[in-house]
Amino acid sequence: ERTVKAVWENYQALQVHFTSAAADTSRDSRERAKYKGLNDVLTTVSFVVNLGIMYDALTELSDLSRMLQRRDMTLDQADRQLDRQIRVFESMVSTPGPYTQTAIEAEKEKIFRNVCLHENQRVIKINHGQFFRSLAENVKCRMTPTTSSHVSKTSSEKTDSHLLSDIKVLQSDSWPASLDIQYGDAAFRRLCQRFRVGERESVLGFREYKDLKASKTPAALKPLLTAVHTIAVSTSECERAFSSMNDTLTDKRNSLDIKRLSNLIFLKCNGPPLDQFNAQTYVQTWLALGRRSAASTNCEAQSERKVEPKTCWSLF
């Protein structure tokens, strides 16, 4: 997305650079021919249209990726985000995005950012309707927590496929208008069995939750809600831990043992930010053990050791 954005915003500068490089006599003929070919592709109508389509698609996917990498993202929220993104892509089949619309207007006028465009049959133009329809179908395959719909599933995977539908009973906006007191109890019991939470107490809390119209969360319902909200949505947290490990265990700091390295990674990934970390308690403990403070410039004078005479010394 950043690469396509750079080409889109610096399109005119790229065209000027390619044109001047193709006419630069200080370069050899092979390099000038390369820049001439790049300029010919850059100034085609198909390239500009494809650039606008890819910019719209990658902007949407980039925003979706950042939302799914949030630490507070839950499974039901992620499912809603994916469902909303699918509807956006399906809408783009008939209603082009802002960058695609700009590219289509440039195609009609044969000019984009003060650069004249030309036709080139060798540069194939993307069918934006077919592209976004295919993109929506591919995102649908990512919505299930186990495998895609075209892959055969085992019995355990079929049980997992009910997870999202069971979690949806906890969402008050999905409840029917005439709510029965036992609505969602069967799905709720499956969730209790799956997460090994006390079934009877949780069901009673769920019924109280329905009576209160989700205005207040009973204490008996909180253990199951906590378990549901801790389901990992993506592998972003693992990737953060690996990045933290690479930053901590460097070539010049490679003698850390596993326990010390694990503690440092845990602090970096889950510890408080520096502006909220109160180190005074730890500093006082450090100084109480007789160690020097960071502001000390000289070593403390070594104390004289008084040796008490022993009776056996008089024999020598």
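1. Gln-85 is found in helix α5, which spans residues 75-94. The model is a predicted one. With a relative accessible area of 6%, Gln-85 is classed as buried, because the cut-off for that class is under 20%.

2. Leaving aside residues up to four places away in sequence, Gln-85 touches Glu-60 and Leu-64. Glu-60 stands 25 residues from Gln-85 along the chain, and the C-alpha atoms of these two residues are separated by 7.7 Å.

3. Thr-100 lies in helix α6, residues 98-109. The relative accessibility of Thr-100 is 0%, so this residue counts as buried. Beyond residues up to four places away in sequence, Thr-100 touches Gly-52, Ile-53 and Asp-56. For Gly-52, the backbone oxygen is reached by the side chain of Thr-100 at 3.5 Å.

4. Two packed helices are described by the angle between their axes and the distance between the axes. For helix α2 (residues 11-22) and helix α3 (residues 29-42), the axes come within 8 Å and cross at roughly 145°. The crossing of α2 and α3 is left-handed.

5. Which residues of α2 meet α3? On the α2 side they are Tyr-11, Leu-14, Gln-15, His-17, Phe-18, Thr-19, Ala-21 and Ala-22. Their partners in α3 are Arg-32, Tyr-35, Lys-36, Leu-38, Asn-39 and Leu-42. By class, the contact of α2 with α3 comprises eight nonpolar, four polar and two charged residues.

Technical notes
Residues are numbered from 1 along each chain as its sequence is written. This is a predicted model: local features need pLDDT of at least 70, side-chain atom pairs count only at pLDDT 80 or more; totals for chains, interfaces and linings use all residues. Side-chain values use heavy atoms; hydrogens and water are left out. Helices (H or I, at least four residues) and strands (E, at least two) are DSSP runs, numbered from the N terminus. Buried means under 20% relative accessible area, exposed over 50%, partly exposed in between (1.4 Å probe, protein chains only). A polar contact is a pair of N or O atoms within 3.5 Å; within protein, one must be able to donate a hydrogen and the other to accept it, and residues adjacent in sequence count only if both atoms are side-chain atoms. Contact means heavy atoms within 4.5 Å. Axes are lines fitted to C-alpha atoms, for helices over the stretch in contact, and angles run from 0 to 180 degrees between N-to-C directions. A crossing is left-handed if the near helix is turned anticlockwise from the far one by less than a right angle, and right-handed if clockwise. Ala, Val, Leu, Ile, Met, Phe, Trp, Tyr, Cys and Pro count as nonpolar, Asp, Glu, Lys and Arg as charged, and the others, Gly among them, as polar.
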